[in-house]
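Subject: Model for your files

Hello,

Here is the model for you to look at. My notes on what was found follow below it.

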Amino acid sequence: MMMEGKENATVKRKRTGRPSNASKLMLNVGDPLPVEGPTRRRCVCCAKVKKEKRTKTVCTMCKIALCKDCFPVYHT
């Protein structure tokens, strides 16, 4: 009876190596949301066109400062 159990047993192996792309995508579940940060920082998009615009709005996913005008444009 003991021998019969060993013959039909399956071995689960631990997966090693790099995680799949599907597991990386699960980290970004949800939409980027603007929240008010503690300090005023330069908007990343406005700074690229040499515009001095400071904002407290920060993206929850990217952790970068974006003014309310640039936020929807940056994430499309």
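Arg42, Glu52 and Arg54 are linked in a network of salt bridges, a salt bridge being a side-chain nitrogen of Lys or Arg within 4 Å of a carboxyl oxygen of Asp or Glu. Please note that this is a predicted model, in which local features need pLDDT of at least 70 and side-chain atom pairs count only at pLDDT 80 or more, while totals for chains, interfaces and linings use all residues. Residues are numbered from 1 along each chain as its sequence is written, and side-chain values use heavy atoms, with hydrogens and water left out.

Salt bridges

The count of salt bridges comes to three. In one of them, the side chains of Glu52 and Arg42 meet with N to O at 3.5 Å. Glu52 lies in the loop between helix H3 (44–48) and strand S2 (54–59) and Arg42 in strand S1 (residues 34–42), so this pair ties together parts that are ten residues apart in sequence. Helices (H or I, at least four residues) and strands (E, at least two) are DSSP runs, numbered from the N terminus. Glu52 also forms a salt bridge with Arg54, where the closest N and O atoms are 3.2 Å apart.

As for accessibility, buried means under 20% relative accessible area, exposed over 50%, and partly exposed in between (1.4 Å probe, protein chains only). Glu52 counts as exposed, at 54%. Arg42 is partly exposed at 34%, and Arg54 is partly exposed at 42%.

Lys53 pairs with Asp69 in a salt bridge, the closest N and O atoms being 2.9 Å apart. Lys53 is in the loop between H3 and S2 and Asp69 in the loop between S2 and helix H4 (71–74), so the two tie together parts that are 16 residues apart in sequence. Lys53 counts as partly exposed, at 27% relative accessibility, and Asp69 as exposed, at 54%.

The chain as a whole

The protein chain has four helices and two strands, which follow the pattern α-α-β-α-β-α along the sequence. Of its 76 residues, 17% are buried. The chain exposes about 7000 Å², with carbon and sulfur atoms supplying 56% of it; these areas come from the Shrake-Rupley method with a 1.4 Å probe, and for residues only the protein chains shown count as cover. Among contacts (heavy atoms within 4.5 Å) with a separation of 6 or more, residues 24 or more positions apart account for 30%.

Which residues make up the largest nonpolar core? This core has eight residues: Cys43, Cys46, Cys59, Ile64, Leu66, Cys67, Cys70 and Phe71. A nonpolar core is a set of buried Ala, Val, Leu, Ile, Met, Phe, Trp, Tyr and Cys residues joined through side-chain atoms within 4.5 Å. Leaving aside neighbours within four places in sequence, Ile64 is in contact with Arg41, Val44, Thr57, Val58, Cys59 and Tyr74.

Thr57 sits in strand S2 and is buried, at 10% relative accessibility. Beyond four places in sequence, the contacts of Thr57 are Pro34, Val35, Ile64, Ala65, Leu66 and Lys68.

Cysteines

The structure holds zero disulfides, a disulfide being a pair of cysteine sulfur atoms within 2.5 Å. Cys59 is in no disulfide, and the nearest cysteine sulfur, that of Cys62, is 3.7 Å away. Cys59 counts as buried, at 1% relative accessibility, whereas Cys62 counts as partly exposed, at 33%.

Regards
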